[in-house]
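I opened the file in order to look up a few sites and to record what each one shows. My entries follow in the order in which I made them.

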Amino acid sequence: MRCKFCEKRAYIKLHYPKMYLCRDHFIEYFEKKVKRTIEKYKLLRKDERILVVVSGGKDSAVVSYVLKKLGYDIECLYINLGIGEYSAKSEEYAKKQCEMINAPLHIVRVKELLGAGIGELKTARPTCSYCGITKRYIFNKFAYDSGFDVIVTGHNLDDEASFIFGNMMNWNTQYLAKQGPILPGEGKFVKKVKPLYEVTEREVVAYALAVGIDYMIEECPHARGATTLSYKEVLNQMEEKRPGTKINFVKGYLRKRYLFEQEIEEVELKECKVCGMPALGEKCSFCKVWRLEKPIDFKINLF
Ligand code: Q46
Ligand code: ZN
Ligand code: ZN
């Protein structure tokens with residue numbers, strides 16, 4: 001098949017909107033789509049200090065690459081979770097990806113910072129639960145302390161659709177009230193945005209391949225993923241039968257999100273007595289999980 005816009009051979013067949021594109025026109029299409037997402041939801045401004053959280057995986061690599069190409073001045077943060085080979089390898093990927101786009105990379109290593117890696121801490125909590133708490137705390141605290149205006153993550157359309165779908169299946173209305181491409185900052189919480197909100201996982205993979213981004217494919221050994229993956233599978237099956245299912249589902253959710261707003265329970269946040277960050281009780285969940293008595297000192301290595 002030939003490209004819709006030129007004589008060249010098709011690199012990809014897109015299903016929604018249905019069209020064949022050559023490599024160059026696909027790259028152009030993808031970048032335009034990300035640019036439009038940024039403009040439509042007012043995600044980023046060129047005068048903001050932007051921190052991209054990178055993992056060595058495809059999504060964060062692609063989002064930082066595209067932002068650089070669109071003229072944004074970004075810095076990246078990689079959090080080494082201390083999960084053996086997996087972390088060592090993904091750190092190498094993150095370094096190579098940032099070198100490729102000439103973006104400064106900050107590295108935080110959980111094991112150096114807290115004395116144990118993810119999976120090594122003795123706690124009743126599931127590994128992924130305290131891993132999530134740790135990652136979110138570190139990137140927010142790092143961004144806040146270093147004066148960044150906004151944190152960028154690599155979530156794509158498939159992540160968002162399956163997250164919303166999963167929360168609907170369980171009627172987690174609290175979560176459903178607050179999802180979206182932009183999570184406004186408040187107090188010591190730095191604003192978070194998702195420029196890949198409207199591109200599918202398949203498009204992200206095809207883009208990485210088209211521009212020559214090398215990324216970590218192996219999954220974290222702790223990934224339980226089963227439930228999230230099954231939501232993704234269901235959505236993929238529906239997408240195949242009815243192209244556009246995912247994007248229409250997510251856009252529909254954004255239109256109807258206000259219906260869940262009354263479910264938001266106003267909670268009064270205090271200051272964690274250890275680190276001073278927002279907390280529900282005396283200590284924030286990060287200081288609680290890691291049983292901290294004094295605030296951590298970020299030893300940031302600028303790679
Ligand atoms: S939460 Fe769990 Fe992930 Fe952390 S322990 Fe690995 S799988 S990395 S997205
Ligand atoms: Zn073309
Ligand atoms: Zn704390």
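**Conventions.** I note that this is a predicted model, in which local features need pLDDT of at least 70 and side-chain atom pairs count only at pLDDT 80 or more, while totals for chains, interfaces and linings use all residues. Residues are numbered from 1 along each chain as its sequence is written, chains are lettered from A and ligands numbered from 1 in the order in which they are written, and side-chain values use heavy atoms, with hydrogens and water left out.

**Entry 1, zinc ion (ligand 3).** I looked up the donors and found C272 (SG), C275 (SG), C284 (SG) and C287 (SG), at 2.2 to 2.4 Å. Donors are N, O and S atoms within 2.8 Å of the metal (3.2 Å for Na, K and Ca); water is not among the atoms, so sites may look incomplete. The spacing of the donor residues in sequence is C-x2-C-x8-C-x2-C. C272 sits in the loop between β9 (270-271) and β10 (278-279) and C287 in helix α11 (residues 285-289), so this pair ties together parts that are 15 residues apart in sequence. Helices (H or I, at least four residues) and strands (E, at least two) are DSSP runs, numbered from the N terminus. Both C272 and C287 are buried, a term that means under 20% relative accessible area (1.4 Å probe, protein chains only).

Why is the arrangement around the zinc ion (ligand 3) tetrahedral? The 4 donor atoms subtend angles of 104 to 114°, and four donors count as tetrahedral if all angles lie between 85 and 135 degrees.

C22 lies in the loop between β2 (18-21) and α1 (23-40) and is buried, with a relative accessible area of 1%. Beyond four places in sequence, the contacts (heavy atoms within 4.5 Å) of C22 include C3, C6 and K8. H25 lies in helix α1 and, with the same exclusion of neighbours within four places, is in contact with C3, F5 and C6.

Is T134 buried or exposed? T134, in helix α5 (residues 127-145), is buried, with a relative accessible area of 0%. T200, in the loop between β8 (191-193) and α8 (201-211), is also buried, at 18%.

Methods:
Buried < 20%, exposed > 50% of the residue type's maximum accessible area, 1.4 Å probe, protein only. Tetrahedral: all angles 85-135°; square planar, octahedral: opposite > 155°, others 65-115°.
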